[in-house]
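The sequence and structure are shown first.

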Amino acid sequence: MPAFICTACGTQNAPGLNPPAHCTICEEERQYVPPRGQSWTTLAALRQSHVNGFRAYEPHILGIGTQPTFAIGQRALLVRTPGGNVLWDCIALLDEATVALIKGLGGIQAIAISHPHFYTTMVEWAHAFDAPVHLHAADKDWIMRPDAAIRLWEGETRELWDGVTLVRCGGHFEGGTVLHWAGGAGGRGAVCGGDILTVTTDRKWLSFMRSYPNFIPLSQRAVEHIGKALGPFSFDAIYGHYFDRVIAQDGKALLARSVERYVAAIEGKRGY
Ligand SMILES: [Zn+2]
Ligand SMILES: [Zn+2]
């Protein structure tokens, strides 16, 4: 039985004879069903129509994204730390070339995903690389394809191994998670933010939303919490969820400025 994939959000559901009637992820207020209506594809079909492209950032962080753009269009990151490789966030297309290339770089020791919009085909990746998938337990109701490879974690931080820590920021989703790698950015620290910390189009700021397509903002309290959650960590680089959304330096100060700007805007201060 095929495991159908929603073409609007990239979420793969549990195998079934027929495509599901609804996409639970798209019908919720943070996503959307396109005007053309709900449609589904399979991994086999996606492998015929799309390919994956790669971009090297710093020497040990590699971006992986699908061409042409599929569903939400995020790119994943292979974070190659001394303790092992982490796949940060996930994309729907997993093909033979991608498996061969990543295995050539040492495979994947752990998969971690910021929030349910990027769960996509996480179970396929877990099986291909024999790797656990770490998800925050607060978002467990959004898991559309349950599997033994999924490890739910609770609380505010979870260290995968030395220097590699998942940090729960909340915001966009209750379990919204970012990854901190102390050894990233040449030892100054890197944060992989998904769209929990969204690098803005000008790549000079971050912003934070409950829904990006439907323009639902977050409260002052929620955004200040994001800043506090990252308070104990040092970092210079911030990787957003698209290929070109990267802050190369000064990330920690930029987060503080961005929280302050957001709160000023939502509170109507300083000319907003
Ligand atoms: Zn969907
Ligand atoms: Zn999202």
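Predicted model: local features only at pLDDT ≥ 70, side-chain atom pairs only at ≥ 80, totals over all residues.

H115 and H117 are both buried. Together with H172 they coordinate the zinc ion (ligand 2), H115 and H172 through NE2 and H117 through ND1, at 2.1 to 2.2 Å. Along the sequence, the spacing of these donor residues is H-x1-H-x54-H.

The zinc ion (ligand 1) has C6, C9, C23 and C26 as its protein donors, each through SG.

| Ion | Donor atoms | Distance | Spacing in sequence |
|---|---|---|---|
| zinc ion (ligand 1) | C6 (SG), C9 (SG), C23 (SG), C26 (SG) | 2.3 Å | C-x2-C-x13-C-x2-C |
| zinc ion (ligand 2) | H115 (NE2), H117 (ND1), H172 (NE2) | 2.1 to 2.2 Å | H-x1-H-x54-H |

Around the zinc ion (ligand 1), the 4 donor atoms subtend angles of 105 to 116°, and the arrangement is therefore tetrahedral. Because C6 belongs to strand β1 (residues 5-6) and C26 to the loop between β1 and β2 (40-41), the pair ties together parts that are 20 residues apart in sequence. Both C6 and C26 are buried.

The model also contains an open sheet of 6 strands with mixed pairing, in the order β10-β11-β12-β13-β18-β19. Its edges are formed by β10 (157-161) and β19 (246-247); each has a single partner strand, so one side of each is left without a neighbour in the sheet. Within this order, strands β13 (residues 190-192) and β18 (residues 237-239) run parallel and are joined by 3 bridges. Y239 in β18 is the bridge partner of C192.

How values were computed. Residues numbered from 1 in each chain as written. Chains lettered and ligands numbered in written order. Heavy atoms only, no water. Donors = N, O, S within 2.8 Å, 3.2 Å for Na, K, Ca; no water. Buried < 20%, exposed > 50% of the residue type's maximum accessible area, 1.4 Å probe, protein only. Tetrahedral: all angles 85-135°; square planar, octahedral: opposite > 155°, others 65-115°. Helix = DSSP H or I, 4+ residues; strand = E, 2+ residues; numbered from the N terminus. Pairing = 2+ DSSP bridges.
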